[in-house]
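I opened this notebook to record what I looked up in one structure. The entries follow in the order in which I made them.

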Amino acid sequence: MEMFDDVYFMKQALVEAQKAYDADEVPVGAVVVVENRIIARAHNLTERLKDVTAHAEMQAITAAAHFLNGKYLRDCTLYVTLEPCVMCMGALYWSQLRRVVYGASDPKRGFAQAGLGPHPKATIHNGVMAEEATLLLQDFFRNKRA
C-alpha cells in the first residue's frame, strides 16, 4: 500500500505539471490536499486563458475554495512543483493554507528572494522531488530555445 506522504502528493502535482508541458504551458502543477484527500488539481493555464495570473497555485486555490465552499484553506496543504512566485505567495497567505510543499526552487522569481513568507500559522517545506520538477522545467525551456 502506498503511503500518503509528501512524495505521493508531489507525484500528483508532477502529473499536473506534465499536463501543462504537453499543452505548451510552463510545466508547473499543483494539488490541494485535506485529510489525505486531493480536493483540487491544477496546472499553469496562462497561455490558454491569456491570463498572467493563471498560475497553477492560483487555479488550485480557486478550485479548493469552491470545493470547500469557503475562502479559507486552513486545514489544507498545497503541493506545487515550483517555488511560488510573489503573486502566488500573496494568495497563499490570504487563503491561510496550513502547509505549502514545493519541489524546485526559483531563485530569480520565487517568494523567498523577495523576503516574503507564508501566513504565520503556515509552514513551508521545500525540495520535495525537486530534481524531477527541475528536469521537467529545464527540458521545457531547452525545447523553447531550440
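The entries below go from the whole chain to single residues.

**Basis.** I worked with a predicted model, in which local features need pLDDT of at least 70, side-chain atom pairs count only at pLDDT 80 or more, and totals for chains, interfaces and linings use all residues. Residues are numbered from 1 along each chain as its sequence is written, and side-chain values use heavy atoms, with hydrogens and water left out.

**Fold.** I noted five helices and five strands in the chain, where helices (H or I, at least four residues) and strands (E, at least two) are DSSP runs numbered from the N terminus. From the N terminus on, I read the order of elements as α-β-β-α-α-β-α-β-β-α. The radius of gyration is 14 Å, close to the 15 Å of the globule rule for 146 residues, so the chain is as compact as a globular protein of that length. That radius is taken over C-alpha atoms, and the rule is 2.2 Å times the number of residues to the power 0.38. I recorded a box of roughly 45 × 40 × 25 Å for the C-alpha atoms, taken along the principal axes.

Buried residues make up 46% of the 146 residues; buried means under 20% relative accessible area (1.4 Å probe, protein chains only). Of the contacts with a separation of 6 or more, 57% join residues 24 or more positions apart, a contact being heavy atoms within 4.5 Å.

**Core.** I then looked up the largest nonpolar core, which has 37 residues. Such a core is a set of buried Ala, Val, Leu, Ile, Met, Phe, Trp, Tyr and Cys residues joined through side-chain atoms within 4.5 Å. Met10, Val32, Cys76, Leu78, Tyr79 and Leu92 touch the most other members. Among the elements that give two or more residues to this core are α1, β1 (29-34), β3 (77-82) and α5 (130-145). Leaving aside neighbours within four places in sequence, Leu92 is in contact with Ile61, Leu78, Pro84, Leu97 and Val100.

**Cys88.** I located Cys88 in helix α4 (residues 86-95) and found it buried, with a relative accessible area of 0%. Beyond four places in sequence, Cys88 contacts His55, Glu57 and Met58. Cys88 and Leu49 are 39 residues apart in sequence and 17 Å apart in space, C-alpha to C-alpha.

**Gln12.** Is Gln12 buried or exposed? I found Gln12 buried, with a relative accessible area of 18%. Gln12 lies in helix α1 (residues 6-22) and touches Val31, Ile38 and Arg41, not counting residues up to four places away in sequence.

Definitions and conventions: Buried means under 20% relative accessible area, exposed over 50%, partly exposed in between (1.4 Å probe, protein chains only).
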